[in-house]
Amino acid sequence: FFFLMIRRPPRSTQSRSSAASDVYKRQGQVSIQLGKNKKLEHTGIRVELIGHIEMVYDKAGSSDFTSMGRELEPTGVLFQDKTYNFSFPKFEKQYESYYGSSVKLRYFLRVTINRNYATKIIKEVDFAVLVPATEPEIKKDIQMEVGIEDCLHIEFEYSKAQYHLKDVVIGKVKFMLVRIKIKYMELCIVKQEKYLTGQANQTQTENETLQKFEVMDGCPNKGDVIPIRLYLAGSDLTPTYTDVSNKFSVKYYLNLVLVDSEDRRYFK
Amino acid sequence: RCVQETGINAEYMGIVHQIKQSQKVFLEGQTMDDDQEIKLEERRKTVREQAYYMKKAIDTANLRDALRYSTYMLNELKAPELSPKNYYILYMQVFDELRVLESAFREEYRRGRRMADLYESVQYAQNIIPRLYLLVTAGAVYIETNEVAAKDILNDLLEMIKGVQHPLRGLFLRYYFLKMCKDKLPDEGNEYEGEGGTFKDAVSIILGNLEEMNKLWIRMQGSSSNRVKREKERIDLKVLVGENIVRLSGLQGVTLEIYTQEVLPKLLEIISSTKDVISQQYLMECIVTAFPDEYNLKNLNTLLERTGSLNPNCDIKAIYISLMDRLADFSEENKSEIENITQDMDIFQMFKTNIDNIIEEQGQTMELRKLLDLQVAFLNFTLKTYEKRTDYVNQILKSCVVLCEKQSSTSFDEDSLKNIVKLLTYPLESLSITILSMDEYPNLMNYLPFTKRKEVAVKICQAVISTRHPLNNLTTVNQLLSFIQPLLKEEQSFGNQEPYEFEGEQQLVARLVHLVENNHPDKVFEILNAFRQPFEAADEKRQFYTYPSLIFAYIRLARQLKIYNETQGTYKKAGNAEEGGEENEEESEPQETQAYLKPELNFKVVFEIIRKLADSIASGNAELGIKLYLDILQIISECDPQREHDEFSYEIAEAALTLYEDEISDSETKRVIILQIVGVFQILNCFSEENYDTLVSNITQYCSKLLKKNEQCIAVLQCTHLFLNQHYRNEARAFECFKKCLKIAQTCLKSNIKNLNLYVSILNKFLFFLSAGVEAVHLDDIQTCINLINEKIEEFKSSNSDNVESVMRYLANTSTYVQEKKNSGAQHFVEINMPQYLSLIHISEPTRQAEISYAVFCLKKKKRYV
């Protein structure tokens, strides 16, 4: 019986200013606590820092994109509790942590106690990585005219094409032609995960509607302008990622859906 | 079982089938309504539940949960299946619950939460209905904090609300918005003015809301299916839309100027932007009713013009009517103001032109009834606004006549007839007799059937009577008579009538006669003759009511004639010397017209007429006839001190007596009438002595022939006056009467002690003549009387007679009188020996001590001040 504990160093030791740098000193402690009058025979104790991309539905596609290791103890026997300090001074944080429904990008520490006759003792601890970046310049708004001939014709616009996580989507929908009986209109936030499958190197796409936000009730008349104001803080978002380690991308869409009285959905 | 056992199958089965069918239909109809009820109940229950959780969360200051539960609650307002009425019920329930949330928001603010955050966080709600209700609620609280300009929040809300385009839900949401921002609109003089905007912002916010609501309201109409039901539903909801206009009119900042320049044009623009009938009509009505009448009066022209350009299917006349009714009330209350306004602009002409337009455009399609409705309202307005303008009224009547001319007779339904009656009667209330000068009046009246004409005639009579304006002009009277023709003549087609109604009508006519008045007897005579003509032509039933009043009118004329003759006489004597001093009131009028009477007017003629009238009454109703004869005799006696008409009066008197003898059979009536006759005859002075003798002895005879002895006695006793009065004196005859009385009294007393009162009466009569100085009265007789009474008095008191008390009092008073006379030493009385009778009344009469002392007190007080 023993405990294995990976302890994070006190916060004060982490300097905030270093957060901007790509190379980040990761350090900590591992303590091993034995039960009473016990000893632990092992063939080596090791700590590793791993960056891992996991395809939830395709284990074969999973892979580590970074990995470093330290030997804490050579083969031998432990007779008493022991604490080890470790650090990974050259840890490069390339990507941000991401936990999606089909793709996960994880960082974790792994302590392994190898043994001859018994199974390995493994302890993994996840940690999150954020990569601060400068706010992108907002390029443009979204404006579009869409419709079905002689049936529906709308113009919509959103004030921006990029939002931060606590932003608010402001926009409006103008109805130019309404020949269908609209029941309601909603704005959906759709998250799209795209990833390469391991086997055929094919791209898979996974869409998930995070939130449905009703913006209109009933059927408008020609010329009506419906306002849109959607606070993003209300939904669970992540930043957009493009081509992370050539493995996956995450994108968000605003999906405008019109539902008519026969439950047909018109969307863009 | 029936089928099996009896074999009556086919028919029976048919019936069973029918029953089942009808049951099914019935149940289906039932379930439609039931469904609604059930669904409403379910939703109400959910609302209650969620509201409970919401309140619980509020109690524990858990705003997050409170918002969540209120969202669930508000979700029920989605209710797509509810009818507007049920939706309203649900809405009201939610509305009440939201008040709790509103105060919770206030509380949160007090605890230090930033309202801006709250305002944002309520917008996280996923569904639009709850989101917007919460937003409005939070917005209202936000405005209260004054942290942000009211107009900004309001405009933001107004913008966001656009998300709800469903007509029913949208209307209610906007209504909620209106309710919530009710006291938060920036307005002149309230706390939100200035930073929060001006009342102009408020105006534009409300107008914006109104415009949208109007759109939604119209959209409710939807497709053509189920049009009637939809319209009904929409009308149920009109109040929601009208609330906007009410709010507008409630703004302090909206003055007449602002109203004229900004509010009204925009309102009219909104109204005319659609062509929806219900909306246009309702909103116009709202404008008319919501804003002060003065504003509308000033903008009348614009209003009227716009109204004219509405959708032709609009019930414009309803708008006009409500407008005119309100203005009419307004002008009634603000007379002086209206005068100023009417000087500036010709309201009448404005209305007239517009109404004429309507009639011209829609006269063919609209029902007569409705057109007349319009005219009635117009008339009402005109009467109240222009008090003395008969020409205006005449114009309106004229256009009505034109209207009626165009109609076929079938289109005169009950309502339009009622309206015509109104048109004819309204002017009466304010213009009364002057209507007679309107030439269109009778024209319009001709369109009415007999009953209605009669109704109008009654109204005319009532109006004329209620003004008490004297009828002094022959032409007026002739017109009047032609107007009230239906009352004077029976019409063939007319059916039965309640007797009391008939009586009432005829009495009105009779009262008209009493209004005849003119300073010149000639004129009166002419007018009365004018009345007499139709009266004579009418049937007896009417004459019974009309003749008496006519007779009295003639009697008055005779009296007037007498005074006139006398004063004329004095004039002649005075040789037209002086005017003024001696003239009495009637003569103070200008005299050029009445210098000489027409030769055909003299007493003789008048009396003849009266008699003729009385004769015709008498033939139908003896009692009334006798009374009228008596009246005639009185007037003759009054006007004819020279007894010139002796023969004539004798004839009348004879006629009266003959009537009495022949026609009156009831004993009680007889008694009453003969007493009346006696009463009248004792003052008459128009017979020669010979004739008088004859008549009087007849009367005395009649008296003594009355049925009951005691009645005979009293009547004969009265006859004494016939022989002893200021014109005639025959003591011997009088004492014959006395003797007869005593004799009858004696017999009566023997039969019944109750008749003691006869003696008291006789005693009094004796005393009367004694004090009048008639020498033939014997003291002996008096004393005998007194003694007799003394003997019997105890017995009488103990008798069970009804009138013991009154007789005793009479007796007591008599004795007091005698005592007084004695004390004052009057001749003859000294010798009478009459005991004092204690009046029974003394015992029961309450003491007056208190009141007397009060009176004394007052007097003293007053004296001191004097």
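A salt bridge is a side-chain nitrogen of Lys or Arg within 4 Å of a carboxyl oxygen of Asp or Glu. One such pair is formed by the side chains of K78(B) and E214(A), with 2.8 Å from N to O. The model is predicted.

**Interface between chain A and chain B**

- In total, 5 salt bridges are counted between chain A and chain B, and the one between K78(B) and E214(A) links side chains of the two chains.
- Contact between the chains involves 19 residues of chain A and 22 residues of chain B.
- About 1,800 Å² of area is buried between chain A and chain B, and carbon and sulfur atoms give 46% of this area.

**Helices α29 and α30 of chain B**

- Helix α29 of chain B covers residues 603-620 and helix α30 of chain B covers residues 622-639; their axes come within 7 Å and cross at roughly 165°.
- Because angles over 145 degrees count as roughly antiparallel, α29(B) and α30(B) are roughly antiparallel to each other.
- The two helices, α29(B) and α30(B), cross in a left-handed manner.
- Residues that make the contact include F603(B), F607(B), I610(B) and R611(B) of α29(B), and L628(B), Y629(B), I632(B) and I636(B) of α30(B).
- By class, the contact of α29(B) with α30(B) comprises 14 nonpolar, 2 polar and 2 charged residues.

**Helices α11 and α13 of chain B**

- Helix α11 (residues 238-250) of chain B packs against helix α13 (residues 277-290) of chain B at an angle of about 35°, and the axes are 10 Å apart.
- The crossing of α11(B) and α13(B) is right-handed.
- From α11(B), K238(B), V239(B), V241(B), G242(B), I245(B) and S249(B) meet Y282(B), L283(B), C286(B), I287(B) and A290(B) of α13(B).
- This contact of α11(B) with α13(B) contains 8 nonpolar, 2 polar and 1 charged residues.

**Helices α23 and α26 of chain B**

- Helix α23 (residues 450-467) and helix α26 (residues 499-514), both of chain B, have axes 9 Å apart and pack at an angle of about 40°.
- This angle therefore makes α23(B) oblique to α26(B).
- A left-handed crossing is found for α23(B) and α26(B).
- On α23(B), the contact is made by K454(B), V458(B), C461(B), Q462(B), V464(B) and I465(B), and on α26(B) by E505(B), L508(B), R511(B) and L512(B).
- The residues of the contact of α23(B) with α26(B) fall into 6 nonpolar, 1 polar and 3 charged.

Notes
Residues numbered from 1 in each chain as written. Chains lettered and ligands numbered in written order. Predicted model: local features only at pLDDT ≥ 70, side-chain atom pairs only at ≥ 80, totals over all residues. Heavy atoms only, no water. Axes fitted to C-alpha atoms, helices over the stretch in contact; angles between N-to-C directions. Helix = DSSP H or I, 4+ residues; strand = E, 2+ residues; numbered from the N terminus. Parallel < 35°, antiparallel > 145°, perpendicular 65-115°, else oblique. Left-handed = near helix turned anticlockwise from the far one by under 90°. Contact = heavy atoms within 4.5 Å. Nonpolar A, V, L, I, M, F, W, Y, C, P; charged D, E, K, R; others polar. Buried area = accessible area lost by both parts, 1.4 Å probe.
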